[in-house]
Amino acid sequence: MSGFKEFEGKAVALDRANVDTDQIIPKQFLKRIEKTGFGKYLFYDWRYNADGQPNEEFELNKPENAGASILVANENFGCGSSREHAPWALLDYGFKVVIAPSFADIFKQNCLKNGILPIALDEAEVNTLLAKGKEKAFSLNINLEEQTVTDQDGFSAEFPISSYWKTMLVNGWDEIEITMQLDDKISAYEKQKEVAQ
Amino acid sequence: MGKSIVDKIWEDHVVHKEEGKPDLLYIDLHLVHEVTSPQAFSGLRMKNRKVRRPDKTFATMDHNVPTINRHQVTDTVALNQMTTLEKNCAEFGVPLAGIDSPDQGIVHVIGPELGLTQPGKTIVCGDSHTSTHGAFGALAFGIGTSEVEHVLATQTLWQSKPQTLKLEINGKLAQGVTAKDVILYVLAKHGIKFGTGYVIEYCGDVIRDMSMEERMTICNMSIEGGARAGLVSPDETTISYIKGRKYAPSAEQFEVYAEKWKNYASDEDAEYDKIIEIDGNDIAPMVSWGTNPAMTAKVDAQIPTTDDYKTEIEKDSLKRALAYMGLEEGQRIEDIQIQHVFIGSCTNSRIEDIRSAAEVVKGKKVHPGVRALVVPGSQHVKKAAEEEGLDKIFVEAGFEWRDAGCSMCLSMNADVVPSGEHCASTSNRNFEGRQGSGARTHLVSPEMAAAAALNGHFVDVRKLFTVETV
Ligand code: SF4
């Protein structure tokens, strides 16, 4: 996981609410045993027609949206299962940031742990971005240190993030490493519990 | 101020606290299955890490095991996941109830069944329906694969303390109304987000009167309401269920544990962040008609119309869902024709579920054109059902009687609902494509699924009971 402080990327608008994890990565692709290679299957049922050809109507398939690294969607994004294949698929496809009015809990955690930044903005702010995306391809500037989303046309919004995750993401740290430094405390806890029983 | 069960379990498990950080929580039981673990084990291997407490870890395979001819896995990728789990468990010393073990089954069925699930424990698994174990007064929640790796390596997790929601269900359930209907009713009424950010504690007469299996059905679907965990304070019902099970405390120690467990129950004056009250008398057998579990109606009602909704998002969701489901606004639920029936999944595949479905099926025949499956939740459930002769009741009626696994709950194995066809399913999710691409899922109780199998469409099981009592 490499850290990020600020970056500029192309945004794609997916104006749908309650996008669930079965939609993000359909279950027939969960059988792999690696963490990579899921990008091809992202939004599979929407991206491809029954005959396997790309669905040209689908937002991600529009030529102007190629190479997008920021996904803007509607409320309750990522509801459904705890499968981490969903953020792996988003990441493997090239998304670094997902913006929505709200996210499902587990999905949000899974994003953070994999270095994807889930940004919750107000509904009105998200609607502005969604409306913009319907007209044209656009770029956004994400500044994690300042906690802002801005664009060249004067859009500017702030987003919340816990200081814990901010530090983790900015530095690209591995959580297990940090926990292992507390090994003494874990051992002490285990000992005390075993005595109590 | 009193404490809730969540407060008590939390306090008991904090290993480390630090300003501005989530708490580091100790994990008592880590359940592992073949789909969400391979990447975690390979992460450990890459960094030369060990499993810290194999004795607090337990694995099984359930998601893509075949439910017939279980030794002939034709899907090479599924086979690869299963053999990978075997190799990983052998290499890291993790106990495994593999394909040949009499203990094999759906992870959320076998945890309780083997006595691994106990009150006051923190329990995690790389699976969102881990909330099932909350029925025992455990704090149990689903985690992602990075967290699976973290727990394997450290036996801990960084967690922020969730808020608490007291869901109180009082009154009396009508005959034919089950635990499944209770939770579907809650979802229909409060939506798929009411529990987001909360741990739900289910309380009230209705819950107290329930068996452990019924409580598991309720807690199982907490995640469908957005809550990572749902639980019930432990009581005598809980304790007597655990007694004598394979991994339960020994007979000599049992009383000591039982006393300790009871103390985890919420205090009378415990405070909650949110309270919801439900009138049990109002609950009917429920049927989902749409593409999320809150799109559910009473069996004697109709599918809503766009006029029933205020916002554009809601109207749009209704239209999208009905287009996918091939149903009409205002259509009567009892007129929905079904071609498949699935009795199984971690929501409703335990012995009581199978018994109550068999009760409805006994001496009758599956409607022509309906394909019906019973998939017991575990090999133990299967055996118990066979000892009671329940398998014969199903087979004689025209059902298929299968081996244990997740099966058609998510159709990762060969058990798939064809596109465009309707399935009355006792599982927990009716998302688009869940039971197969284009498959149309209706969530119901085991009794309702059984009655639908016999009639080819939904029927109100309360009527069956009325006829019987006349
Ligand atoms: S039965 Fe269904 S919901 Fe339960 S663990 Fe298996 S796939 Fe998940």
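This tour moves from the interface of chain A and chain B to individual helices and strands in each chain.

The model is predicted, so local features need pLDDT of at least 70 and side-chain atom pairs count only at pLDDT 80 or more, while totals for chains, interfaces and linings use all residues. Residues are numbered from 1 along each chain as its sequence is written, chains are lettered from A and ligands numbered from 1 in the order in which they are written, and side-chain values use heavy atoms, with hydrogens and water left out.

**The interface**

Select chain A and chain B together. The contact (heavy atoms within 4.5 Å) takes 50 residues from chain A and 62 residues from chain B. About 4700 Å² is buried between the two chains, and carbon and sulfur atoms give 53% of this area; buried area is the accessible area (1.4 Å probe) that two parts lose on being put together, summed over both.

Next, select A:Glu194 and B:Arg53. These residues form a salt bridge, with the closest N and O atoms 3.4 Å apart. By the rule (a side-chain nitrogen of Lys or Arg within 4 Å of a carboxyl oxygen of Asp or Glu), the interface has ten salt bridges.

The elements of chain A that give two or more residues to the side touching chain B include helix H3 (85-93) and helix H8 (183-196); helices are DSSP runs of H or I with at least four residues, strands are runs of E with at least two, and both are numbered from the N terminus. H8(A) gives the most, with eight residues.

**Helix H3 of chain A**

Select residues 85-93 of chain A. The buried residues (under 20% relative accessible area, 1.4 Å probe, protein chains only) are A:His85, A:Ala86, A:Pro87, A:Trp88, A:Ala89 and A:Leu90. Their cover includes H1 and H4 of chain A together with helix H2 (38-46) and helix H5 (145-154) of chain B. After H3(A) comes A:Gly94, with a positive phi near 125 degrees.

**Strands S6 and S7 of chain B**

Move to residues 122-125 and 139-142 of chain B. S6(B) and S7(B) pair in the parallel sense over four bridges; pairing requires at least two DSSP bridges between two strands. B:Val124 has B:Phe141 of S7(B) as its bridge partner. On S7(B), B:Leu139 and B:Phe141 are buried on one side, and B:Ala140 and B:Gly142 are buried on the other.

**Helix H12 of chain B**

Finally, select residues 351-361 of chain B. H12(B) is largely enclosed by the rest of the structure because eight of its eleven residues are buried. Among them are B:Ile351, B:Asp353 and B:Val361. B:Gly363, which follows H12(B), has a positive phi near 75 degrees.

How values were computed:
Buried < 20%, exposed > 50% of the residue type's maximum accessible area, 1.4 Å probe, protein only.
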